Amino acid sequence: MQKLTLDDIDVRGKRVLIRVDFNVPLDTSDDGSPCVGDDTRIRAALPTIRHVLDNGGRAILISHLGRPGGQPDPDLSLACVADHLGSLIEERVRFSSNTVGETVEEVINGMSDGSIILLENTRFDAGEKSNDEDFAKALADLADVYVNDAFGAAHRAHASTAGVAEFVDTAALGRLMEKEIAALTRVRDDPEHPMVAILGGSKVSDKLGTIRALSKTADRLLIGGAMSYTFLQVLGHEVGESRIEADRLETAESLYEAASDTLLLPSDHVVADAPAADAEASVVEGDIPEDQMGLDIGPATIDTYRTAILDAATVVWNGPMGVFELDQFAEGTMAIANAVADATDADAFSVVGGGDSVSALGKSGCTGRISHVSTGGGALLTFLEGAALPGIDALTDA
Ligand code: ADP
Ligand code: MG
């Protein structure tokens with residue numbers, strides 16, 4: 001279903017309520033005040049913000065940040081994000097410590113065209129996550145037009161991502177949304193073959209639907225990270241102390257049976273007695289000793305996976321191959337990042353997504369060599385699985 005985009009609407013003189021994904025990691029600045037730790041998501045929203053400002057709209061930005069549990073939490077205020085955004089776009093960005101209500105409406109009514117304001121964390125209101133109608137209406141009261149550009153939150157049916165769209169006349173996709181949808185539709189619905197999907201990370205349970213969907217389209221599905229041990233256990237291997245999900249063994253088994261001709265599992269592992277910085281790592285082939293846990297893929301697996309990736313015309317990667325946060329378990333993930341970048345240099349179309357995967361990609365220095373780095377984690381998995389995203393579905397049909 002095609003949705004309205006910024007190209008279909010005239011924003012001049014309008015109050016444009018833009019749902020962005022400013023759920024960024026926070027840090028502490030030298031003077032002890034909170035500041036933005038990583039501004040990738042803020043930068044990703046700039047094309048939409050610029051479009052609205054340059055075309056004479058009033059940009060009213062809303063986002064969630066963290067998990068304040070439906071009540072105000074000063075540690076999760078978006079105030080410092082407004083300052084950061086202001087320095088990025090070289091404009092004065094106002095901040096409102098209220099998210100909805102009369103005071104906000106008055107401030108917005110007093111704004112001039114082409115100016116911008118960021119409202120406080122939507123999750124300070126319990127109505128956000130419950131998709132409460134009154135809260136959604138209160139958000140809609142601030143807007144002539146609603147634009148959703150928060151791909152990272154599009155899998156949530158919350159008031160600011162979905163509910164609000166019902167109460168405005170026009171609800172359109174932002175530029176980041178358009179870009180994400182185009183890249184992800186290409187790999188999901190019309191991939192050039194051979195297609196290689198790489199899935200790793202901590203929990204197989206988060207990603208079962210995505211594994212199932214990708215195993216149907218991909219020619220090779222490379223499994224790494226903690227999720228490999230649940231599969232290896234099913235196949236009768238000793239996995240020692242590795243993290244497995246005992247309640248997912250049956251699902252993993254049926255998945256493996258359905259996909260055994262495309263699914264590859266690690267043949268060797270970097271193991272240690274704990275995922276600790278001072279742990280002594282060694283490489284084992286096949287079974288993992290009783291008192292050890294698998295914390296990265298081993299060199300033979302790296303070779304096999306790299307060869308498969310370099311052969312691909314399409315590559316999708318989500319989930320680190322090991323505990324990449326610790327140097328002695330980072331090699332597998334770094335090797336995969338480099339292989340995906342090398343394949344892209346050789347003309348493959350590549351997509352990498354997931355919070356930890358994107359941070360691992362950054363650590364490898366390969367970010368700029370990937371065709372599309374997604375801002376989504378859960379939203380990316382949901383999209384690739386072929387399931388509905390409420391934040392997209394709620395928008396106005398073109
Ligand atoms: P993403 O955020 O990219 O979707 P996940 O959140 O699913 O990725 O998984 C990332 C986490 O998985 C990392 O913190 C990493 O340390 C952890 N992880 C990867 N491999 C293992 C392993 N073998 N054992 C324990 N944790 C692992
Ligand atoms: Mg993660």
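What is the volume of the second largest pocket? It is about 410 Å³, a volume being the space filled by probe spheres set on grid points joined across faces, edges and corners. A pocket is, on a 1 Å grid over the protein atoms alone, an open set of points where a 1.4 Å probe fits, with protein on both sides within 12 Å along at least five of seven lines.

This is a predicted model, in which local features need pLDDT of at least 70 and side-chain atom pairs count only at pLDDT 80 or more, while totals for chains, interfaces and linings use all residues. Residues are numbered from 1 along each chain as its sequence is written, chains are lettered from A and ligands numbered from 1 in the order written, and side-chain values use heavy atoms, without hydrogens or water.

Select M1, Q2, K3, I181 and I392, which lie nearest the pocket's centre among its 16 lining residues (an atom within 4 Å of a point). Helix α7 gives the largest share of this lining, five residues. Helices are DSSP runs (H or I, at least four residues), numbered from the N terminus.

Next, select α7 (residues 175-189) and α14 (residues 378-385): their axes come within 9 Å and cross at roughly 40°. Axes are lines fitted to C-alpha atoms over the stretch in contact, with angles from 0 to 180 degrees between N-to-C directions.

Finally, show I181, L184, T185, V187 and R188 in α7, which meet L380, F383 and L384 in α14 (heavy atoms within 4.5 Å).

Technical notes
Helices (H or I, at least four residues) and strands (E, at least two) are DSSP runs, numbered from the N terminus.
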